[in-house]
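This report goes through the fold, the ring pairs and the salt bridges of one protein. Please keep the sequence and the model at hand while reading.

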Amino acid sequence: DFFRRFYHPSNASLSIAGDIEYDRTLEMVEKYFGGLPPGNPVQRFGQYASSLPGRIELEISDNVTLPRVYIAWPTPPGFTKEDPALELLSEACSDLGSRLFMRIREELGLAYFVGAQSQPGLTPGFFAFYAGTSPEAVWQVEEELLNEAGKLRDIGLSEDELRRAKAKIIGQKKIARQDLGGLAVTMGLDELFGLGYDASDHDHEKYEAITVEQTRDVAAKYFQPASCVVAVSHPPV
């Protein structure tokens, strides 16, 4: 039942990149996929909350070697104009010269690793800070991560942070497009998600257009301390 519902031509994209013979390729596509029965496109993947009723705190015993702190905020479903700003915030908070690394690891010596992640999707996505630390430093790392979120809400990224994040993301995406497999995956997913197969042709324009003020506004909108999930995973006892 699951296969029939989701795996059919009306709910799929097929992308091919490279030096191909078009007629021969079309013939093979029709041979191997032409017999698939049609179906109805899936419009929704269920009901998901895009906001939190308040702050949620979790402690989890997990298969980790050291405690890990995660602080996450939900972001809206679909792909929005705010996604590039969130991705730039994530990149600027994740490299070895980032504000999180310099403050929490280098200056305070509280973390073994620290960074951020932005994950959009068809269902509500999330933005998260994370760090690996020692048992005695968990509460302080949590406090520092929330403090950094507060600074982003108040000021946003600096001009230098934003410039470096743009250069890295745009460079990585250009490199990824040089690999035919990566190009095919990008085109296929963009088409499947309704962005258009050629959406990545304009990636650099989206990132270059983001301003310091926009990073501040997006952070102020989502990084609210009263509406987040704080999760700490501990090694098993």
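## Report on the model

Gly-181 is found in helix α7. With a relative accessible area of 40%, Gly-181 is partly exposed; buried means under 20% relative accessible area, exposed over 50%, and partly exposed in between, with a 1.4 Å probe and protein chains only. From Gly-181 to Gln-140 the distance is 43 Å in space, C-alpha to C-alpha, and 41 residues in sequence.

The model is predicted: local features need pLDDT of at least 70, side-chain atom pairs count only at pLDDT 80 or more, and totals for chains, interfaces and linings use all residues. Residues are numbered from 1 along each chain as its sequence is written, and side-chain values use heavy atoms, with hydrogens and water left out.

### Overall build

The protein has nine helices and five strands. These are DSSP runs numbered from the N terminus, helices being H or I of at least four residues and strands E of at least two. Along the sequence the order is α-α-β-β-α-α-β-β-α-α-α-α-α-β. Taken along the principal axes, the C-alpha atoms fill a box of roughly 65 × 40 × 30 Å.

The protein has 237 residues, and 37% of them count as buried. Its accessible surface is about 14200 Å², with 54% belonging to carbon and sulfur atoms; areas come from the Shrake-Rupley method with a 1.4 Å probe, and for residues only the protein chains shown count as cover. Among contacts with a separation of 6 or more, 80% are between residues 24 or more positions apart, where contact means heavy atoms within 4.5 Å.

There are 23 positive and 35 negative charges, and their mean positions are 2 Å apart. Lys and Arg count as positive and Asp and Glu as negative, while His and the chain ends are not counted. The place of a charge is NZ of Lys, CZ of Arg, CG of Asp or CD of Glu.

### Aromatic pairs

Rings of Phe, Tyr and Trp (its six-membered ring) pair if their centres lie within 6.5 Å; planes under 30 degrees apart count as stacked, over 60 as edge-to-face and the rest as tilted. By this rule there are 10 aromatic pairs. One of them joins Phe-2 and Phe-6, whose ring centres are 4.5 Å apart with planes at 40 degrees, so the pair is tilted. Both residues lie in helix α1 (residues 2–6), four residues apart, about one turn of the helix. Phe-2 counts as exposed at 55% relative accessibility, whereas Phe-6 counts as buried at 16%.

A second pair to look at is that of Phe-113 and Tyr-130, with ring centres 6.4 Å apart and planes at 50 degrees, so this pair is tilted. Phe-113 belongs to strand β3 (residues 111–119) and Tyr-130 to strand β4 (residues 125–133), so the pair ties together parts 17 residues apart in sequence. Phe-113 has a relative accessible area of 31% and is partly exposed; Tyr-130, at 25%, also counts as partly exposed.

Ring pairs also link Phe-2, Phe-3, Phe-6 and Tyr-7 into a cluster.

### Salt bridges

Side chains of opposite charge can pair when their charged atoms come close. A salt bridge here is a side-chain nitrogen of Lys or Arg within 4 Å of a carboxyl oxygen of Asp or Glu. The count by this rule is 17 salt bridges. Three of these bridges are tabulated below.

| Acidic residue | Basic residue | N to O distance |
| Glu-142 | Arg-55 | 2.7 Å |
| Asp-160 | Arg-164 | 3.5 Å |
| Asp-201 | Arg-177 | 2.8 Å |

In the bridge between Asp-201 and Arg-177, distant parts of the chain are linked: Asp-201 is in the loop between α7 (180–192) and α8 (203–208), and Arg-177 is in the loop between α6 and α7, 24 residues apart. Asp-201 is partly exposed at 38%, and Arg-177 is partly exposed at 32%.

The side chains of Glu-142 and Arg-55 meet in another salt bridge. Glu-142 lies in helix α5 (residues 138–154) and Arg-55 in the loop between α2 (22–33) and β1 (56–61), so this pair ties together parts 87 residues apart in sequence. Glu-142 is buried, with a relative accessible area of 15%, while Arg-55 counts as partly exposed at 34%.

Asp-160 and Arg-164 are four residues apart in helix α6 (residues 159–176), about one helical turn. Asp-160 counts as partly exposed at 38% relative accessibility, and Arg-164 counts as partly exposed at 28%. A network of salt bridges links Asp-95, Asp-160, Arg-163 and Arg-164.
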